[in-house]
Structures are given as structure tokens and as C-alpha cells.
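Hi there,

Here is the structure I promised to pass on to you. Please open it alongside this email, and then read my notes below.

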Amino acid sequence: MIANAIILIAGIACLIVGFVTTWLTSLVINLVWHRSLIVAVAFLLFFGSIEVLFLSSYCMKIPNGGWLPIVLSMVFMVVMYVWHYGSRKKYFFDMHSKVSMRGILTLGPGLGIVRVPGMGLIYTELATGVPASFTHFLTNLPAFYQVVVFVCIKTVPVPSVPQAERYLIGRIGPKSYRLYRCIVRHGYKDVYSHEINFENELVMSIAEFIQLEAEGCSGNLDGSADGRMAVVRTSGKFGTRLRMSESAGVEESDSNNLPGALTVSSSKSPTLKKLQAMYEQESPELNNTRRRIKFEVLNTIYRDPRVKEELMELVEAKRAGVAYVIGHSHVKAKWNSSFVKKFAVNLYSFLRKNCRSPAVGLNIPQTSLIKVGMNYHV
């Protein structure tokens with residue numbers, strides 16, 4: 001019975017596809033090939049009638065067990081529509097709730113908070129603006145890292161994106177704010193693997209962007225609210241701003257700097273270093289893979305001394321540690337919503353809760369993960 005039902009639903013699907021193809025071909029005959037409307041209608045009636053006869057013969061077998069795959073296909077269609085509907089509602093809520101850059105710029109270089117050593121990577125689906133999860137975090141805990149990078153992962157409509165064109169880097173606000181934006185672009189055939197070297201590539205890309213920005217618009221003190229972005233790692237000078245080397249141990253010592261490099265001391269207190277070492281002992285295999293790369297600022301002469309200062313602060317933030325901030329959203333329907341909307345939103349929330357979390361999909365280390373919980377009333 002199950003085999004007959006599968007054959008039945010496959011036949012119905014093929015016949016429906018054939019009928020739709022016939023209907024579209026009739027439109028091509030009239031609109032593209034500029035044939036007479038009578039020829040298009042005759043083509044549709046002749047081949048369409050044959051397909052309708054075969055389709056009706058298949059439909060007569062539905063009461064004998066063919067209804068089961070049809071019901072299953074309807075269930076899958078409802079699930080896909082609810083997922084699409086909930087994702088759109090959540091995205092529009094993020095767009096409506098994002099923080100205006102004018103409000104960010106009025107806070108000053110300190111952003112009205114305490115800047116602590118380290119680099120914070122804030123994952124967001126927005127390619128512009130500041131996500132609401134960032135302000136939600138600062139409202140409850142007014143302290144954040146000295147370097148902030150808003151990371152957005154996008155799939156572009158091309159098969160594959162070359163590695164040299166994958167990172168799109170931009171700046172948010174003036175240079176003194178140390179706010180950056182990174183859009184990681186992938187093709188629909190690329191397999192995304194958030195490996196450990198993502199942090200290193202991101203730091204090198206930001207360093208390249210800082211130098212390219214200084215060469216293109218030197219003397220610009222204020223920057224822009226949400227400036228233009230640039231594809232980095234395409235320059236032939238890539239890799240000359242910072243130098244990467246293998247670190248021998250977990251703790252990086254300032255005494256083993258490479259020749260021709262500036263000394264960048266860590267801004268962490270001894271107590272904080274001790275607590276971090278105790279915390280990282282819980283997962284030594286992760287610690288050994290994440291702490292091998294050491295960055296050095298080359299002792300070169302720049303036309304703008306602020307470039308070297310910004311590079312040294314970037315290396316200092318990377319040495320202090322990288323934290324990943326992801327919004328942990330709970331989507332809920334408004335109290336005055338209709339029953340159909342409440343059902344769709346609640347089903348979407350159930351599906352999100354039982355699906356793979358973004359932290360798992362991005363392969364983010366749990367020891368560096370910070371989740372910001374938010375309620376989305378759509």
C-alpha cells in the first residue's frame with residue numbers, strides 16, 4: 001500500500017509539473033516567440049487536455065491510499081511556509097528595532113560604557129545598523145570590549161566566492177570608537193566551516209582595511225556613521241601590516257617578540273589572567289588550538305601615526321581574548337494577534353527551539369560564547 005501511494009504521489013507531481021510547463025510554454029509561444037494567440041491556445045488545449053486526463057485517472061486512486069502522501073506533503077508545505085513567515089517577521093523586527101547610528105555617535109568614544117580588554121564579535125543578520133541585542137546587552141551590563149566587530153554571514157547568489165574576496169570590512173562611526181563591520185560572503189555551493197583560523201583571518205583583514213583606509217582617506221578624523229565597506233585581502237601588500245607566528249605555549253610572553261616588531265603588552269590584570277587560565281583548563285584541547293597564533297605589529301613608518309596606534313590596539317585586543325556574542329531570541333505573537341498568526345508564530349518558535357542553534361552551526365567554542373536573550377513580539 002505504501003509503495004502504491006508513493007508511486008501515486010510521484011505520478012501526480014510529475015503530471016502537475018508537466019501541466020504547468022505546458023501552460024508556461026503557451027505563454028512563451030505568444031509573448032516571446034510572438035506567435036498568434038490562437039496557436040498558443042491550441043497548443044494549451046491539445047497537450048493540456050491529455051495531461052488533465054492522466055491527472056484525473058491518478059486522482060481516482062486517492063481514496064485507495066493515495067491520500068497519505070498528499071497529507072504528508074501538505075504538512076511539509078505548512079512547515080516550510082511557517083518557517084519562512086517566522087523568519088521574515090523576525091528579520092523585519094530586527095530591522096525595525098535596530099539602533100540608529102545617530103544615537104550611537106552621540107555617546108562619544110566610550111559609548112557611555114566601560115571598555116574592557118578584548119575583542120567582541122557580535123553576530124547579526126543585519127548588514128547595516130546596530131542590532132538591538134547589542135543595546136540590550138549594554139542596558140543590563142554597561143561594559144564591553146575595547147574592539148567591537150559586527151559579523152554578518154551572507155549567502156550570495158553565486159556558486160562560490162573566492163577566499164580573497166570573502167571578507168567585506170567597514171567602519172562604524174569615528175576611528176576612536178573601534179567599531180567595525182565584517183560581512184562574510186559565501187556562495188550557495190560553499191560549505192561554511194567556522195574554523196579556528198577565522199579569528200586570525202578577521203584580524204588580518206581588519207588590519208589591511210585600516211591601512212587601505214589610511215592610504216585612501218588620510219587625515220579623516222571623524223570617519224562616517226556607517227562608512228563604505230571594502231573587499232580586503234586583494235591587495236598585494238596583504239600580510240605586511242601584522243606578522244603571524246606560532247606561539248610556543250599558552251601564555252604569550254612579550255620577551256619573544258620577533259625582530260622588527262613592536263612590543264604590545266597585554267592589558268589584562270594578573271588576577272584576570274589567572275582566572276582565564278583556570279577556566280581554560282577545563283578544555284585543554286580547545287586551548288591548544290586557539291592560542292597558537294601570535295600577532296606582531298611591524299615597526300614600520302606610517303604617514304599617519306594613528307594607524308600604528310589602531311593596529312597596536314587591535315593586536316592587544318586579540319591577545320586579550322575574543323568573545324562571541326549571539327542573540328538568543330524567543331519569538332512570540334502579540335496578545336491581540338489572530339489565532340492563525342499565533343499558531344504560525346508558536347510553531348515557528350517550536351521549530352527554532354528544536355533546531356540546531358547558531359552557535360553549533362557556526363562551530364563557536366563554548367568557552368568564548370555569550371548569549372543575549374531577547375523576546376521578539378511580532
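**Salt bridges**

Lys90, Asp94 and Glu125 are linked in a network of salt bridges. A salt bridge here is a side-chain nitrogen of Lys or Arg within 4 Å of a carboxyl oxygen of Asp or Glu. By this rule the count comes to five salt bridges.

Before going on, a word on the source: this is a predicted model, where local features need pLDDT of at least 70 and side-chain atom pairs count only at pLDDT 80 or more, while totals for chains, interfaces and linings use all residues. Residues are numbered from 1 along each chain as its sequence is written, and side-chain values use heavy atoms, with hydrogens and water left out.

Which side chain meets Arg171 in a salt bridge? The partner is Glu310, at 2.8 Å from N to O. Arg171 lies in strand E3 and Glu310 in helix H9 (residues 305-320), so the pair ties together parts that are 139 residues apart in sequence. The element names come from DSSP runs, numbered from the N terminus: helices are H or I with at least four residues, and strands are E with at least two. Both Arg171 and Glu310 are buried; buried means under 20% relative accessible area, exposed means over 50%, and partly exposed is in between (1.4 Å probe, protein chains only).

The side chains of Glu199 and Lys318 also form a salt bridge, at 3.8 Å from N to O. This pair links distant parts of the chain, with Glu199 in helix H6 (residues 197-216) and Lys318 in helix H9, 119 residues apart. Glu199 is buried, and so is Lys318.

**Arg178**

Please look next at Arg178, in the loop between strand E3 (167-173) and strand E4 (179-187). Is Arg178 buried or exposed? Arg178 counts as buried because its relative accessible area is 8%. Its side chain meets that of Glu313 in a salt bridge (2.9 Å, N to O). Glu313 lies in helix H9, so this pair ties together parts that are 135 residues apart in sequence. The C-alpha atoms of Arg178 and Glu313 are separated by 9.1 Å. Leaving out residues up to four places away in sequence, Arg178 touches several residues, among them Arg115, Gln146 and Glu309; contact means heavy atoms within 4.5 Å.

**Strands and a helix**

Strand E1 (residues 114-123) pairs in the parallel sense with strand E2 (residues 143-156) over eight bridges, and with strand E10 (residues 322-332) over five bridges. Two strands pair if DSSP finds at least two bridges between them. Ile122 has Phe150 in E2 as its bridge partner, and Met119 stands opposite Val322 in E10.

In helix H5 (residues 132-140), the buried residues are Ala132, Ser133, Phe134, Phe137 and Leu138. These buried residues pack against helix H3 (67-97), E1, E2, E10 and strand E11 (369-377).

**Helix H1**

Thr22 is found in helix H1 and counts as buried, because its relative accessibility is 7%. Not counting residues up to four places away in sequence, Thr22 touches Phe43, Leu44, Phe47, Gly48 and Glu51. Leu24 is also placed in helix H1, but Leu24 counts as partly exposed because its relative accessibility is 41%.

Enjoy exploring, and write back with any questions!
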